[in-house]
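Morning, everyone. I have one structure to walk through today. Please have a look at it before I start.

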Amino acid sequence: MEAQAQGLLESEPLQGRDEDAVASADFSSMLSEEEKEELRAELVQLEDEITTLRQVLSAKERHLVEIKQKLGMNLMNELKQNFSKSWHDMQTTTAYKKTHETLSHAGQKATAAFSNVGTAISKKFGDMRRK
């Protein structure tokens with residue numbers, strides 16, 4: 001009997017279909033008028049609390065903006081600081097250092113190769129002029 005009763009009590013939260021089934025069920029016929037009135041009062045109280053919390057949050061956000069303005073912080077400065085920090089953090093990674101080193105070495109070799117090609121072309125033009 002205990003195993004059967006335990007199966008009725010699920011420990012998992014409601015999922016999409018379950019929520020839809022609960023939302024569409026009509027429990028009002030199962031409630032007394034007194035219970036309905038208590039629930040209505042609780043609903044009004046919760047709505048009032050939510051409104052108050054929104055007002056408090058809005059006031060705190062305004063205060064935050066004022067403080068940032070007094071400190072000379074604005075969105076552009078914050079973005080610059082975040083970008084600078086991120087760029088610095090990236091430059092200190094091992095992967096960046098290795099990539100930078102490899103590309104720098106490849107760039108030096110490419111420069112040398114172009115210089116050699118340039119010298120060879122100049123020499124060829126010089127030889128053609130002499131002929």
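I will go from the overall fold to the salt bridges, then to a surface patch and one lysine.

First, a caution: this is a predicted model. The protein has five helices and zero strands. Read along the sequence, the pattern is α-α-α-α-α.

On to the charges. Side chains of opposite charge can pair when their charged atoms come close. Here the count comes to five salt bridges.

Start in helix H3. Arginine 40 pairs with glutamate 37, and their closest N and O atoms are 3.4 Å apart. Why is the separation about one helical turn? Because the two residues sit three apart in helix H3. How open are they? Arginine 40 has a relative accessible area of 43%, so it is partly exposed. Glutamate 37 is at 49%, so it is partly exposed too.

Next, helix H4, residues 75-91. Aspartate 89 and lysine 85 form a salt bridge at 3.0 Å, N to O. They are four residues apart in that helix, so about one helical turn lies between them. Aspartate 89 is partly exposed, at 34%. Lysine 85 is at 53%, and the line for exposed is over 50%. So lysine 85 is exposed.

Then helix H5, residues 94-130. Aspartate 127 meets arginine 130 in a salt bridge, 3.2 Å from N to O. Three residues apart in helix H5, they are again separated by about one helical turn. Aspartate 127 is partly exposed at 29%. Arginine 130, at 69%, counts as exposed.

Which residues form the nonpolar surface patch? Val117, Ile121, Phe125 and Met128, with about 410 Å² of accessible area together. Isoleucine 121 lies in helix H5. Its relative accessibility is 42%, so it counts as partly exposed.

Last stop, lysine 36. This residue is in helix H3, residues 33-70. Is lysine 36 buried or exposed? Buried: its relative accessibility is 19%, and the cut-off is under 20%. What does lysine 36 touch, leaving aside neighbours within four places in sequence? Ser28 and Leu31.

That is the tour. Over to you for questions.

Key:
Residues numbered from 1 in each chain as written. Predicted model: local features only at pLDDT ≥ 70, side-chain atom pairs only at ≥ 80, totals over all residues. Heavy atoms only, no water. Buried < 20%, exposed > 50% of the residue type's maximum accessible area, 1.4 Å probe, protein only. Contact = heavy atoms within 4.5 Å. Patch = residues over 30% accessible without salt bridge, like charges linked within 9 Å, V, L, I, M, F, W, Y side chains within 5 Å. Areas by Shrake-Rupley, 256 points an atom, 1.4 Å probe, with all protein chains shown as cover. Salt bridge = Lys/Arg side-chain N within 4 Å of Asp/Glu carboxyl O.
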